[in-house]
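Please keep the sequence and the three-dimensional view open while reading.

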Protein chains: 2
Amino acid sequence: MTVWDRPEPPDRPVPLDRERIVAAALSLADEGGLEAVSLRKVAARLNAGPMRLYGYIATKEELFDLLVDEVYAEVLPEERTDEWREALRTLAHRTRRAALRHEWLADLLGGRPTLGPNGLAVAEAMLSALDGLADVDTVMRAVGTVNAYVIGAIRGEIANLRAERATGLSKRDWQRAAGPRLSRALATGAFPALSKAVYDGTDVDPETTFATGLDWVLDAVAAKLTRSSA
Amino acid sequence: MTVWDRPEPPDRPVPLDRERIVAAALSLADEGGLEAVSLRKVAARLNAGPMRLYGYIATKEELFDLLVDEVYAEVLPEERTDEWREALRTLAHRTRRAALRHEWLADLLGGRPTLGPNGLAVAEAMLSALDGLADVDTVMRAVGTVNAYVIGAIRGEIANLRAERATGLSKRDWQRAAGPRLSRALATGAFPALSKAVYDGTDVDPETTFATGLDWVLDAVAAKLTRSSA
DNA sequence: CTCATGGCGATACACTGTATTTCTCCCTTA
DNA sequence: TAAGGGAGAAATACAGTGTATCGCCATGAG
């Protein structure tokens, strides 16, 4: 067998590593959501068989953990902010924007403890922003509360965003008219407060909603900090 | 062919309805988590073929929506509370307890707008608790913020609970010693604030943590209400 | 040159959600 | 009463999934 009729080596097996695997999975997720991420497809992007991946990750769940941590890298601010409130606000908004860039993040956020290096770094950033302003337990509570709000708010925002997209209508029109169940339910008069909210409420853009709620929570934190540090 | 050697009619096809389907799915989810819910298994519990279900639900996602709404029925309090703060607190705690009874709820909470009758009723209850205490937009913000906290907090609590169970260790021991990544990361000294929190923080039970954070958020709401109603 | 070894691809398995086809039984009509 | 039709259930089918196992082949050592 001569060299030119050799069956054309179909891409010499490139060495793999977690980074390349995560990058492939991330692009798949960004393009088609979490459900578009299958080990076969990830492996295919790397010219490898599905089983190759198991040399680097133990399970698909672990791959998801790595994905989340990869995005947490985008959350970390480039420079440290001294003012605790501004620091927390920045982290929250950066998390939100990361979730808007990678919508699938909403499905994973808060789903399991974030133990990757970047997730830990984000936790460290939040904790250190409050360090010294109150006793340890209060600081932990504060971080936990802010985190809970951020995760819940982001989930909700993305859920609405998807619902709007699915119906192709603006949020307002969707609430008002389309949603068959909702409009019928409201018409029964069984939900007066809900009706009032839907019909009389002004709809503000999601960013402002997020920011306002966040400020409320930060207000609450501020109150506890002063009380505890005084 | 005589009557006794007839091949034994294998359970005359019982008529189905959404209620029975949801009940079967719910028990499966309670026993084995969301991933134990497959249309085949649900159908099997009802002595039916998988395709039968499609006469009552359009897709598996819709079944999940029904599941969530079923649990929201458990969240609705039996009697109305007049004091807004107590009303919101009750709803939040009832949601949390429902999630502890049905851990899979944490995976679904906030994942999509809750448009089922019970979900709407819960929303109505929250909104009506605040009705008249502030302008519509403030009320909506308040409900949204509290909801975001509740969802995020529940998700986090269940995530921790699962992590503990997976390692079989108490939360404290797990944080301190086991988690291989965590302990190594902390040992590097790169996360001083995190280390302090893990080592010096007292661990309180999850219910108290939830209640405290909730109170903070409710404090924030109270502040906005008085300002806006004054 | 031979042999062992380790990594890789192929194969296999049990299972998933769902589309489509086939069958069966009951009701209507002649 | 016999035949035809229609609905609803069941069986089959398909394209995919995560992951366990097996067998090969190339590359190292002796």
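The sections below treat the model, chain A, the DNA surface, the chain interface and one arginine.

## Basis of the model

The model is predicted, so local features require pLDDT of at least 70 and side-chain atom pairs count only at pLDDT 80 or more, whereas totals for chains, interfaces and linings use all residues. Residues are numbered from 1 along each chain as its sequence is written, chains are lettered from A and ligands numbered from 1 in the order in which they are written, and side-chain values use heavy atoms, with hydrogens and water left out.

## Chain A

Chain A contains 11 helices and 0 strands. Helices (H or I, at least four residues) and strands (E, at least two) are DSSP runs, numbered from the N terminus.

Of the 230 residues in chain A, 44% are buried. Buried means under 20% relative accessible area, exposed means over 50%, and partly exposed lies in between (1.4 Å probe, protein chains only). Among the contacts in chain A with a separation of 6 or more, 68% join residues 24 or more positions apart; a contact requires heavy atoms within 4.5 Å.

A residue is near a strand if one of its heavy atoms lies within 4 Å of it. There are 14 residues around DNA strand D, and those that come nearest are Ser38(A), Arg40(A), Met51(A), Tyr54(A) and Lys60(A). Of the atoms of DNA strand D that come within 4 Å of the protein, 52% belong to sugar and phosphate. Helix H2 (residues 39-45) of chain A gives the most to this surface, with 3 residues. By class, the surface has 5 nonpolar, 3 polar and 6 charged residues. Here Ala, Val, Leu, Ile, Met, Phe, Trp, Tyr, Cys and Pro count as nonpolar, Asp, Glu, Lys and Arg as charged, and the others, Gly among them, as polar.

Which parts of the strand do particular side chains approach? A polar side-chain atom of Arg40(A) lies 2.5 Å from a base nitrogen of DNA strand D. Lys60(A) instead places a polar side-chain atom 2.9 Å from a phosphate oxygen.

## The interface of chains A and B

At this interface, 59 residues of chain B are in contact with 59 residues of chain A. The buried area is about 4,600 Å², of which carbon and sulfur atoms give 69%. Buried area is the accessible area (1.4 Å probe) that two parts lose on being put together, summed over both. Arg141(B), Arg155(B) and Trp216(B) supply 17% of the area that chain B buries against chain A, more than any other three residues.

The two chains share 4 salt bridges, each a side-chain nitrogen of Lys or Arg within 4 Å of a carboxyl oxygen of Asp or Glu. Lys224(A) forms a salt bridge with Asp219(B), with the closest N and O atoms 2.7 Å apart. On the side of chain B that touches chain A, the largest share, 17 residues, comes from H7(B). The residues of that side comprise 33 nonpolar, 14 polar and 12 charged.

## Arg85 of chain B

Arg85(B) lies in helix H4 (residues 84-101) of chain B. Arg85(B) counts as buried because its relative accessibility is 17%.

The side chain of Arg85(B) makes a polar contact with the side chain of Asp219(B) at 2.5 Å. A polar contact is a pair of N or O atoms within 3.5 Å; within protein, one must be able to donate a hydrogen and the other to accept it, and residues adjacent in sequence count only if both atoms are side-chain atoms. The side chain of Arg85(B) also reaches the backbone oxygen of Asp215(B) at 3.3 Å.
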